[in-house]
Amino acid sequence: MDYPTLKLLHFMAAATWLTGMVGSGIAVALHDVLASPGGRSLLANLRSWNRWVTSPAMLATLAAGLTIALQASWLVMSWLRIKLALVCALVILHGWLSRTLHQMARVEPPPTPPALLRFSAPLVFVTGLTIVLLALTKPV
(Lines give C-alpha, C1' and ligand atoms only; values in the text may rest on other atoms or scores of the structure.)
Protein backbone atom coordinates (compact mmCIF):
# COMPACT_ATOMS: atom_id res chain seq x y z
CA MET A 1 0.00 0.00 0.00
CA ASP A 2 1.38 3.43 -0.87
CA TYR A 3 2.23 6.06 1.77
CA PRO A 4 -0.69 8.49 1.16
CA THR A 5 -3.23 5.65 1.38
CA LEU A 6 -1.66 4.28 4.56
CA LYS A 7 -1.54 7.76 6.08
CA LEU A 8 -5.24 8.30 5.31
CA LEU A 9 -6.16 4.89 6.75
CA HIS A 10 -4.09 5.61 9.86
CA PHE A 11 -5.70 9.02 10.35
CA MET A 12 -9.28 7.78 9.83
CA ALA A 13 -8.80 4.77 12.09
CA ALA A 14 -7.17 6.90 14.80
CA ALA A 15 -9.98 9.46 14.66
CA THR A 16 -12.57 6.67 14.99
CA TRP A 17 -10.67 5.02 17.84
CA LEU A 18 -10.15 8.21 19.83
CA THR A 19 -13.71 9.49 19.41
CA GLY A 20 -14.96 6.09 20.54
CA MET A 21 -12.73 6.30 23.60
CA VAL A 22 -13.96 9.82 24.38
CA GLY A 23 -17.54 8.53 24.15
CA SER A 24 -16.72 5.63 26.47
CA GLY A 25 -15.03 8.04 28.87
CA ILE A 26 -18.10 10.26 28.94
CA ALA A 27 -20.31 7.22 29.60
CA VAL A 28 -18.07 6.15 32.48
CA ALA A 29 -18.14 9.68 33.91
CA LEU A 30 -21.96 9.62 33.74
CA HIS A 31 -22.23 6.19 35.34
CA ASP A 32 -24.99 7.34 37.73
CA VAL A 33 -27.22 8.44 34.83
CA LEU A 34 -26.72 5.11 33.06
CA ALA A 35 -28.36 3.23 35.95
CA SER A 36 -31.81 4.09 34.55
CA PRO A 37 -33.52 1.74 32.05
CA GLY A 38 -32.91 4.16 29.16
CA GLY A 39 -29.34 4.60 30.28
CA ARG A 40 -28.79 0.86 30.39
CA SER A 41 -30.02 0.61 26.81
CA LEU A 42 -27.58 3.36 25.81
CA LEU A 43 -24.83 1.53 27.67
CA ALA A 44 -25.57 -1.70 25.77
CA ASN A 45 -25.40 0.19 22.47
CA LEU A 46 -22.14 1.84 23.49
CA ARG A 47 -20.64 -1.53 24.44
CA SER A 48 -21.63 -2.90 21.05
CA TRP A 49 -20.11 0.13 19.30
CA ASN A 50 -16.94 -0.30 21.33
CA ARG A 51 -16.69 -3.97 20.37
CA TRP A 52 -17.47 -3.67 16.66
CA VAL A 53 -16.14 -0.20 15.76
CA THR A 54 -13.79 1.32 18.35
CA SER A 55 -11.69 -1.78 19.05
CA PRO A 56 -11.17 -2.68 15.36
CA ALA A 57 -10.29 0.97 14.71
CA MET A 58 -7.63 0.71 17.39
CA LEU A 59 -6.16 -2.37 15.71
CA ALA A 60 -6.23 -0.67 12.28
CA THR A 61 -4.54 2.41 13.76
CA LEU A 62 -1.76 0.31 15.26
CA ALA A 63 -1.25 -1.76 12.09
CA ALA A 64 -1.20 1.23 9.74
CA GLY A 65 1.00 3.28 12.08
CA LEU A 66 3.52 0.49 12.50
CA THR A 67 3.62 -0.08 8.73
CA ILE A 68 4.23 3.64 8.12
CA ALA A 69 6.97 3.75 10.78
CA LEU A 70 8.72 0.70 9.31
CA GLN A 71 8.50 1.97 5.73
CA ALA A 72 9.85 5.39 6.71
CA SER A 73 12.53 3.94 9.05
CA TRP A 74 11.26 6.13 11.89
CA LEU A 75 11.56 3.57 14.70
CA VAL A 76 14.91 5.02 15.75
CA MET A 77 13.52 8.56 16.06
CA SER A 78 12.98 9.94 19.57
CA TRP A 79 9.69 11.67 18.69
CA LEU A 80 8.22 8.35 17.53
CA ARG A 81 9.29 6.60 20.71
CA ILE A 82 7.50 9.25 22.76
CA LYS A 83 4.47 8.90 20.49
CA LEU A 84 4.53 5.11 20.87
CA ALA A 85 4.65 5.43 24.66
CA LEU A 86 1.55 7.65 24.55
CA VAL A 87 -0.16 5.21 22.16
CA CYS A 88 0.63 2.33 24.53
CA ALA A 89 -0.95 4.31 27.36
CA LEU A 90 -4.06 4.81 25.21
CA VAL A 91 -4.22 1.08 24.42
CA ILE A 92 -4.10 0.28 28.14
CA LEU A 93 -6.74 2.92 28.87
CA HIS A 94 -8.92 1.52 26.05
CA GLY A 95 -8.79 -1.93 27.63
CA TRP A 96 -9.61 -0.51 31.05
CA LEU A 97 -12.55 1.50 29.66
CA SER A 98 -13.84 -1.53 27.77
CA ARG A 99 -13.73 -3.68 30.90
CA THR A 100 -15.44 -0.97 32.94
CA LEU A 101 -18.23 -0.62 30.35
CA HIS A 102 -18.68 -4.38 30.45
CA GLN A 103 -18.94 -4.35 34.26
CA MET A 104 -21.33 -1.39 34.20
CA ALA A 105 -23.63 -3.24 31.81
CA ARG A 106 -23.60 -6.50 33.78
CA VAL A 107 -23.89 -5.29 37.38
CA GLU A 108 -27.03 -3.68 38.80
CA PRO A 109 -26.55 -0.90 39.95
CA PRO A 110 -23.41 -0.03 37.97
CA PRO A 111 -20.31 0.14 40.18
CA THR A 112 -18.59 3.46 40.70
CA PRO A 113 -15.59 3.54 38.36
CA PRO A 114 -12.13 4.62 39.56
CA ALA A 115 -11.50 8.37 39.59
CA LEU A 116 -8.97 8.23 36.76
CA LEU A 117 -11.54 6.66 34.43
CA ARG A 118 -14.05 9.38 35.23
CA PHE A 119 -11.56 11.86 33.77
CA SER A 120 -10.54 9.67 30.84
CA ALA A 121 -12.40 11.65 28.15
CA PRO A 122 -10.31 14.83 28.56
CA LEU A 123 -7.21 12.67 29.11
CA VAL A 124 -7.79 10.92 25.76
CA PHE A 125 -8.38 14.26 24.05
CA VAL A 126 -5.17 15.83 25.38
CA THR A 127 -3.12 12.70 24.69
CA GLY A 128 -4.50 12.54 21.15
CA LEU A 129 -3.60 16.17 20.53
CA THR A 130 -0.10 15.57 21.84
CA ILE A 131 0.32 12.60 19.50
CA VAL A 132 -0.87 14.67 16.53
CA LEU A 133 1.55 17.48 17.40
CA LEU A 134 4.44 15.01 17.64
CA ALA A 135 3.51 13.47 14.29
CA LEU A 136 3.19 16.84 12.55
CA THR A 137 6.30 18.50 13.96
CA LYS A 138 8.61 15.49 14.47
CA PRO A 139 10.57 17.62 16.95
CA VAL A 140 13.35 15.36 18.22
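**View 1. Helices α3 and α5 pack at an angle of about 155°, with their axes 10 Å apart.** In this predicted model, the angle of about 155° lies over the limit of 145 degrees, and α3 and α5 are therefore roughly antiparallel to each other. The crossing in which α3 passes α5 is left-handed. On the α3 side the contact is formed by Trp 79, Ile 82, Lys 83, Leu 86, Val 87, Leu 90, Leu 93 and Leu 97, while α5 contributes Ser 120, Leu 123, Val 124, Thr 127, Thr 130, Ile 131, Leu 134 and Ala 135. Sorted by class, the residues of this contact of α3 with α5 comprise twelve nonpolar, three polar and one charged.

**View 2. Helix α1 (residues 3–29) packs with helix α3 (residues 78–106) at an angle of about 45°, the two axes lying 10 Å apart.** That angle makes α1 oblique to α3, and α1 passes α3 in a crossing that is left-handed. From α1, the residues that make the contact are His 10, Trp 17, Leu 18, Met 21, Ser 24, Gly 25, Ala 27 and Val 28, and they meet Lys 83, Val 87, Leu 90, Val 91, Leu 93, His 94, Leu 97, Thr 100, Leu 101 and Met 104 of α3. Twelve nonpolar, five polar and one charged residues make up the contact of α1 with α3. Lys 83 of α3, which takes part in this contact with α1, also belongs to the contact of α3 with α5, as do Val 87, Leu 90, Leu 93 and Leu 97.

**View 3. Helices α1 and α2 pack at an angle of about 145°, with 7 Å between their axes.** As for the handedness of this pair, α1 and α2 cross in a left-handed manner. The contact of α1 with α2 holds 15 nonpolar, eleven polar and one charged residues.

**View 4. The largest pocket contains about 920 Å³ of space.** Its lining is made by 34 residues, and those nearest the centre of the pocket are His 10, Ala 14, Lys 83, Ile 131 and Ala 135. At least two lining residues are supplied by each of α1, α2 (37–72), α3 and α5 (120–137), and the largest share, ten residues, comes from α1. By class, the lining of the largest pocket consists of 26 nonpolar, five polar and three charged residues.

View 5. Read from the N terminus on, the order of its elements is α-α-α-α-α. Taken along the principal axes, the C-alpha atoms fill a box of roughly 50 × 30 × 15 Å.

How values were computed. Residues are numbered from 1 along each chain as its sequence is written. This is a predicted model: local features need pLDDT of at least 70, side-chain atom pairs count only at pLDDT 80 or more; totals for chains, interfaces and linings use all residues. Side-chain values use heavy atoms; hydrogens and water are left out. Axes are lines fitted to C-alpha atoms, for helices over the stretch in contact, and angles run from 0 to 180 degrees between N-to-C directions. Helices (H or I, at least four residues) and strands (E, at least two) are DSSP runs, numbered from the N terminus. Angles under 35 degrees count as roughly parallel, over 145 as roughly antiparallel, 65 to 115 as roughly perpendicular and the rest as oblique. A crossing is left-handed if the near helix is turned anticlockwise from the far one by less than a right angle, and right-handed if clockwise. Contact means heavy atoms within 4.5 Å. Ala, Val, Leu, Ile, Met, Phe, Trp, Tyr, Cys and Pro count as nonpolar, Asp, Glu, Lys and Arg as charged, and the others, Gly among them, as polar. On a 1 Å grid over the protein atoms alone, a cavity is a set of points where a 1.4 Å probe fits but cannot get out, and a pocket is an open set with protein on both sides within 12 Å along at least five of seven lines; lining residues have an atom within 4 Å of a point. Grid points are joined across faces, edges and corners, and a volume is the space filled by probe spheres set on the points.
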